[in-house]
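Hello,

Here is the structure I promised to pass on. Please have a look at it first; my notes follow below.

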Amino acid sequence: MTNKWFRPIAFAGVAIFAATLILTTSRIQARAADSAPARFWSELPDGAQAAKAQSMPDFVDLAAKLSPAVVNISTDEADEPAEGAEPPEDAPNPLDPHSQGPLEQFGVEPHSKALGSGFIITKDGYILTNQHVVDSPGKVTVTTQDGHNYTAKIIGHDEKSDIALLKIDAKHDLAVAPLGDSSDLRVGEWVMAIGNPFGFDHTVTAGIVSAKGRFIPGNYEDFIQTDASINPGNSGGPLIDLRGNVIGVNCAIYTHTGQSMGIGFAVPIDLVKEELPQLKTSGKVVRGWLGVYIQKVTPELADSLGLADSRGALVAKVLDDGPAKAAGVKRGDVIVAFDKQPVDDSRELPLLVGRSDLGHKGVLTVIRDKQTIELPVTITQSREPEIVAAEEKSEKPDPGAVSPFGLHVKDLSPDLAKELGLDTPGGVEIALVQPGSAGDEAGLRSRDVILEVNRAAVKDVDAYQAALKKSAKGKIVLLLVKRGENTIYVTVKPEA
């Protein structure tokens, strides 16, 4: 009997206890919610769920489909080095597109001067690669995935974009890699690279688009940045999206070791497609130009020029017989747009102008003396290859008179004025820059010629000293400097 009644009584007791516990817990939570401090951070609303995490994409089919279109490219040296000659001891470049040293460790023949990658874009054998992969003299050999070797002809190349177009003659249709649209790329999107790093042919690596619009000094285009492993030998290979389209040509790595550090760069395929017709028909790319030297608008320059912000391209020099000269562009103008397209970074302007058709009638939006004006301009063919900067002489300069900012200055000599092509001999030559001084930090050099101080012309040292005395105390001084055949604006911070 005891056992018969024990269980129901026990269960009833548990039920009463559970109900009491729930009620008590609810009251405690309610009091805790009432007393909780206000959150100053963001959280998802109640009931909202985070998006379901995506699994890793499957690159198997993509690699199988695109690998037959990727080729190995090697260039044989035309001349053997003289017996006993020492190899050059080149310092490593942090933006080295390809490093030859490690290749010999993996069995690459010593006579192979360049080893890179490429990919076939037409069934009859047109191939895209980097210009630097095939810039060595000698025979260019293309090896396809099936092991066949072909002697390639260089149809065209462009040093500025580092792109080359090759052609091989095969007796059958070749596998091709379709070209996509790099403008549709999004940061964080998955991409795959195929190439021949260190001579290991058809190596597949994957990663994401790390950034877009990256600029590398000395290069023409704005690069795609990716963390897909790119190593020496990947140069010229394709960067591929998940749809199987080529959206970039791998060309460079940022490295201190000669190997991948997770920062690689590719030329956007949209830029390449713009150049392909010219490369095929004429073997080179002809670009438009403005005929100006420009520089970045720094916050200090913006303050000196009275600009609201540091966007745009500051015109440091207007070349004679150029489109900008004919349009009325003046030194000191800040170009903030071309054909209504904003120029936020000075490096964007050459890209916008270079992609314009020759004879294109565009409009420059310019800030001059704090006023915004529009100047019609007609784009003509670039004469940049014809312009060669004057080489600096190596003789030790005369120290000259000491002036503020650690600068030793003197009146511009007639010989230097003639050498620099100055119409008038007015100006002040920097004879010496004291190390660690304000002038040194501003990047001034000996043999620079100061033409203006705070937008006022100076003809000699006396005028230069007087202009400096008129400068507001504690304010940044804006100098216009002639350097070689260029003119640039330099801001010098006040001395403590």
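Strands first. In strand E6, Ala164 is the bridge partner of Thr129. Thr129 belongs to strand E3, residues 126-129. E3 and E6 (residues 163-167) run antiparallel and are joined by 4 bridges. E3 is covered on both faces. Tyr126 and Leu128 are buried on one side, Ile127 and Thr129 on the other. Tyr126 also has a charged neighbour: Lys167 sits over the face of its ring, 5.5 Å from the ring centre.

Now the overall picture. Keep in mind that this is a predicted model. The mean pLDDT of the protein chain is 78, and 74% of the residues reach 70 or more. Residues 78-112 fall below 50. That stretch still has 39 contacts in the model beyond near neighbours in sequence. Residues 388-397 also stay under 50. For them the model has 11 contacts beyond four places in sequence.

The chain has 496 residues, 43% of them buried. It contains 9 helices and 27 strands. Taking contacts with a separation of 6 or more, 62% are between residues 24 or more positions apart.

Next, the aromatic rings. How many aromatic pairs are there? The count is 2.

One is Phe59 with Trp190, an edge-to-face pair. The ring centres are 6.1 Å apart, and the planes make an angle of 65°. This pair links distant parts of the chain, 131 residues apart. Phe59 is in the loop between helix H1 (2-35) and helix H2 (60-66). Trp190 is in strand E7, residues 190-195. The cut-off for buried is under 20%.

The other pair is Phe223 with Phe265, edge-to-face as well. Here the centres are 6.0 Å apart, with 70° between the planes. Phe223 lies in strand E9 (residues 222-226) and Phe265 in strand E12 (residues 264-268), so the pair ties together parts that are 42 residues apart in sequence. Both Phe223 and Phe265 are buried.

Two single residues are worth a stop on your way through.

Gly288 is in strand E13, residues 288-289. Its relative accessibility is 9%, so Gly288 is buried. What does Gly288 contact, leaving aside neighbours within four places in sequence? The list is Val353, Gly354, Ser356, Leu358, Ile379, Thr380 and Ser382. His360 is 72 residues from Gly288 in sequence. In space, the C-alpha atoms of Gly288 and His360 are 8.9 Å apart.

Thr365 is in strand E18, residues 361-368. At 11% relative accessible area, Thr365 is buried.

When you open the model, you could begin with E3 and E6 and their 4 bridges. Then go to the Phe59 and Trp190 pair, and from there to Phe223 and Phe265. Bear in mind the pLDDT below 50 over residues 78-112 and under 50 over residues 388-397.

Best wishes

Methods
Residues numbered from 1 in each chain as written. Predicted model: local features only at pLDDT ≥ 70, side-chain atom pairs only at ≥ 80, totals over all residues. Heavy atoms only, no water. pLDDT = per-residue confidence, 0-100. Contact = heavy atoms within 4.5 Å. Buried < 20%, exposed > 50% of the residue type's maximum accessible area, 1.4 Å probe, protein only. Helix = DSSP H or I, 4+ residues; strand = E, 2+ residues; numbered from the N terminus. Pairing = 2+ DSSP bridges. Phe/Tyr/Trp six-rings, centres within 6.5 Å; stacked < 30°, edge-to-face > 60°. Lys NZ or Arg CZ within 6 Å of the ring centre and 35° of its normal.
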